[in-house]
Amino acid sequence: MPEIKFHHAGGETDIVEADAGVSVMRAAVENGVAGIVGECGGQAMCATCHVLVRDSYLSGLPPIGDDEEEMLECTASPRDGLRSRLGCQLTLGVDLQEVEVDVPESQV
């Protein structure tokens with residue numbers, strides 16, 4: 001089962017297992033991960049699921065689409081040009097069996 005590790009600024013880590021086809025944002029919201037809001041429900045319209053993907057996982061991610069690119073310009077915490085992604089646009093499955101992300105201190 002795919003696994004996501006959500007690392008928080010205080011040093012805590014939430015480890016969530018999720019079914020293939022579930023987004024990082026949905027897995028976080030359904031498992032009560034602090035710091036992931038998902039206000040728009042996964043439509044790439046709010047940037048409240050902003051995560052910073054750890055370097056070793058970047059090469060396995062799909063490219064950033066136009067909607068995601070636009071929303072990443074609106075994040076509450078500073079955007080990292082390499083690591084920032086919207087959790088709603090990262091779907092677990094064959095190509096993404098595990099991922100580790102840092103949760104920004106603020107989403108709104």
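**Entry 1: ground rules**

I number residues from 1 along each chain as its sequence is written. Because the model is predicted, local features need pLDDT of at least 70 and side-chain atom pairs count only at pLDDT 80 or more, while totals for chains, interfaces and linings use all residues; side-chain values use heavy atoms, with hydrogens and water left out.

**Entry 2: the sheet**

I started with the strands, which are DSSP runs of E with at least two residues, just as helices are runs of H or I with at least four, both numbered from the N terminus. In what order do the five strands of the open sheet lie? I read E2-E1-E5-E3-E4, with mixed pairing. Two strands pair if DSSP finds at least two bridges between them. Strand E2 (13–17) and strand E4 (84–86) are the edges, and each pairs on one side only.

Next I went through the pairs.

- E1 and E2 are antiparallel, with five bridges.
- E1 (residues 3–7) and E5 (residues 98–102) run parallel, also joined by five bridges.
- E3 and E5 are antiparallel over two bridges, and valine 53 has valine 101 in E5 as its bridge partner.
- E3 and E4 are antiparallel over three bridges.

Which residues stand opposite isoleucine 4? I found valine 16 in E2 and valine 99 in E5. For contacts (heavy atoms within 4.5 Å), I left aside its neighbours within four places in sequence, and isoleucine 4 still touches Asp14, Ile15, Val16, Val24, Ala27, Leu92 and Val99.

Isoleucine 4 also turns up in the largest nonpolar core, which has 28 residues. Such a core is a set of buried Ala, Val, Leu, Ile, Met, Phe, Trp, Tyr and Cys residues joined through side-chain atoms within 4.5 Å. Buried means under 20% relative accessible area, exposed means over 50%, and partly exposed is in between (1.4 Å probe, protein chains only). Ile4, Phe6, Ile36, Val53, Leu86, Leu90 and Val99 touch the most other members. E1, helix H1 (24–30), strand E3 (50–53), helix H2 (66–72) and E5 each give two or more residues, and H1 gives the most, with four.

**Entry 3: histidine 50**

Histidine 50 stands opposite leucine 86 in E4. Its side chain makes a polar contact with the side chain of serine 84, at 2.8 Å. A polar contact is a pair of N or O atoms within 3.5 Å; within protein, one must be able to donate a hydrogen and the other to accept it, and residues adjacent in sequence count only if both atoms are side-chain atoms.

**Entry 4: the cysteines**

How many disulfides are there? I counted zero, taking a disulfide as a pair of cysteine sulfur atoms within 2.5 Å. The sulfur of cysteine 40 is 3.6 Å from that of cysteine 46, its closest, so the two are too far apart for a bond. Cysteine 40 is partly exposed, at 23%. For cysteine 74, the nearest cysteine sulfur is that of cysteine 46, 10 Å away.
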